[in-house]
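Please look through the sequence and the model below before reading on.

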Amino acid sequence: MESFVLKNIIPDFLETEKVIGSEIWNQDILISKGQKIQVIAPSGSGKTSLVHFIYGLRKDYNGQVLFDGNDVKSFSAEKLSGFRRSFMSIVFQDLRLFPEQTARQNIEVKRLLEPFASSERMEYMTALLGIQSKLDQPAKLCSYGEQQRIAIVRALQQPFDLLVLDEPFSHLDESNREKAMLLIQEEVAARNATMLLVDLKPIEYFNADRILHL
Amino acid sequence: MAVAFNHISVFLNTGQNKVSRAFGFIGLGIGVLLLLCSVQMYININQLIRDRDTPKNGYDFISLTKSVTNENMGSDTRFTTADVEEIKSKSFIKDAAPLVSNQFRAKASAGSIIPFSTDLFLESINDKFLDTLPTTFNWKPGQADVPIIFSADFLEMYNVFAPAQGLPQLSEASIGAVNIILECYGSLGQKTSYQGHIVAVSDRINSVLVPEEFLRWANKNFGNIENVPASRVYIKTADANGAGLQSFLQQKNYHVNKDKVKFGRVKQILQGIVSALGGFSVLVILLALMLFSFYLQLMIAKSKDNLRLLMTLGYSPSVLSSTVAKKWIPVYAIIIGSALLLAQLLHFIFQQFYINGREMLSPFLHPISLLVAVILMILCVAINDRLIKKLLFSLV
């Protein structure tokens, strides 16, 4: 995937005053391969909705999300799953882990689908982020911060051209934020991928090429 | 990497509702076993009864005689040509043919190997009424060799008294090898000998049958009679127990071979019972499949969140559904395979111990039974596949 475009997107549910003045809503934004974008958005501005629009989870908006000219709204279920398997990875704000399954199962379910990282690399990532000892523990028994790190490691197991992160560090301390950010940027660089980080405020240790305010 | 069921089984709530699953499987096994057994029994009944009765193309062949009563005793109770024509004209009788007997003295002996000699009666009937008709069953004037079709019942009777008389018992296969000297006596006592040999054994007609051409010629030449009235008439009818036929027979005071009629009735009843069992087993299979489909629906409903998340993470709904569906193929194969083996065992026991391994019935299941098992397997897998696909795509 060489580029993706956010073309005049206006959520159906968003008040007009929130659209006016936004650097994303109702704008034509071209993001090239390898760019690092930071989206800064206050609560209630439609931050998570934007992430869901890009990931193809929701269609309640006007405008287009185009990947190499193809509108994500027109993707079939099969095409969308293939896209999520090989071209786009995500860390959800609500993490979306399997609560009953162990941290390892949560990570492996993504790695086995289309492996990019080796199992050794996966072990390394968990060690780096301090969750290696939690690998065989059910996700629901991990703290929110640990779950956040599990979700980050899971997102880094597959090949991708675009990585979308929705408030990925909200429950991480500064040390873990730094480690996670460095790891993510390393993985993004290894794939020459585009990175879109959405958060309430600017994130330290992230050298964004472009900052957009929602 | 291809997704294996093991990768995703932990995300499915397969352990739920085990009782429903177990009942579904047991029900399916019982249903398949019942269906295979009823199909096989239907085939068995057809094969066994065909050898005894011979309904040809769905018709019954019955012998008619005029009842001999105190009133008509002493008068001629044979069928005239007009009688035969009247019988033929009835709508419930498809066809009729007179059974003509010999009007001269006939004697048979079997030479020195089987020291046996007897006066006998010969009869002939139109070829189309014969259940077994070898190509050699014909005769031309001047031919010294006379083919004979012998009644299976007579052979059985012979085999009953043969040991007591010091005579060898004969099988259907070996009787053809016996050389019979057929002696025909003219009205003045002159003897003409023919070489007789049994070319077939008939289950349908209790008689010693010779070709029509021979008996017509012999009656004319030895008995000086042409157009011999028939002592018996064979009729071909679709329903031997039909009301029309029964009332006609009663009205004309004709007597029928009741055993054959009863036997036909028994066969009808047996086939009816087996068909009902087959219908019942189809119902059991449908119920079992429904029960199992409830289990699948429940499993997918309970795993709904996990399955939806798997698809959100990039698991293709069609790959996911075929992976889940494939999981059940070995289960169906084991259930249907076991039912097949059990049906084979039951058939073998039936063949060996109930009908004493008679050659007319193979000890193995009929190919149609195997085909039914294969069709059931395909059906189960297809229904399962379709159901899972439908359920999973509803989550997209």
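**A walk through the two chains**

D68(A) sits in the loop between β4 (61-67) and β5 (70-71) of chain A, where helices (H or I, at least four residues) and strands (E, at least two) are DSSP runs numbered from the N terminus. The model is a predicted one, in which local features need pLDDT of at least 70 and side-chain atom pairs count only at pLDDT 80 or more, whereas totals for chains, interfaces and linings use all residues. Residues are numbered from 1 along each chain as its sequence is written, chains are lettered from A and ligands numbered from 1 in the order in which they are written, and side-chain values use heavy atoms, with hydrogens and water left out.

Although D68(A) is not a glycine, its phi is positive, at about 50°. Most residues other than glycine have a negative phi. D68(A) is partly exposed, with a relative accessible area of 41%; here buried means under 20% relative accessible area, exposed over 50%, and partly exposed in between (1.4 Å probe, protein chains only). N253(B) belongs to the loop between α6 (243-252) and β11 (254-256) of chain B, and at 38% relative accessibility N253(B) counts as partly exposed.

The charged pairs come next. Side chains of opposite charge can pair when their charged atoms come close. With a salt bridge taken as a side-chain nitrogen of Lys or Arg within 4 Å of a carboxyl oxygen of Asp or Glu, the count over all chains comes to 23 salt bridges. One of them joins E167(A) to K47(A), with the closest N and O atoms 2.3 Å apart. This pair links distant parts of the chain, since E167(A) lies in the loop between β7 (162-166) and α7 (174-191) of chain A and K47(A) in helix α2 (residues 47-55) of chain A, 120 residues apart.

E114(A) lies in the loop between α4 (103-111) and α5 (119-128) of chain A and R85(A) in helix α3 (residues 77-86) of chain A, so the pair ties together parts that are 29 residues apart in sequence. Both ends are partly exposed, E114(A) at 26% relative accessibility and R85(A) with a relative accessible area of 24%. R96(A) pairs with D94(A), where the closest N and O atoms are 3.3 Å apart; R96(A) is partly exposed at 24%, and D94(A) is partly exposed at 47%. Salt bridges that share partners also join R121(A), E186(A), E187(A) and R191(A) into one network.

Turning to the form of chain B, the chain has 10 helices and 11 strands, and 45% of its 396 residues count as buried. The C-alpha atoms of chain B fill a box of roughly 110 × 50 × 35 Å along the principal axes. Chain B has a radius of gyration of 32 Å, whereas a compact globule of 396 residues would have one near 21 Å; the radius is taken over C-alpha atoms, and the globule rule is 2.2 Å times the number of residues to the power 0.38. The domain assignment gives domain 1 (5-53 + 264-393) and domain 2 (60-237) of chain B, with bounds that come from an automatic or database assignment. The C-alpha centres of these two domains lie 53 Å apart.

Finally, V19(B), F23(B), L277(B), F280(B), L283(B), L287(B), M290(B), L291(B) and F294(B) form a nonpolar patch on the surface, with about 860 Å² of accessible area together. α2 (18-52) and α7 (258-302) of chain B each supply at least two residues of the patch, and the largest share, 7 residues, comes from α7(B). Patches are made of residues with over 30% relative accessible area and no salt bridge, like charges being joined within 9 Å and nonpolar side chains (Val, Leu, Ile, Met, Phe, Trp, Tyr) within 5 Å; accessible areas come from the Shrake-Rupley method with a 1.4 Å probe, and for residues only the protein chains shown count as cover. L287(B), in helix α7 of chain B, is exposed, with a relative accessible area of 51%.
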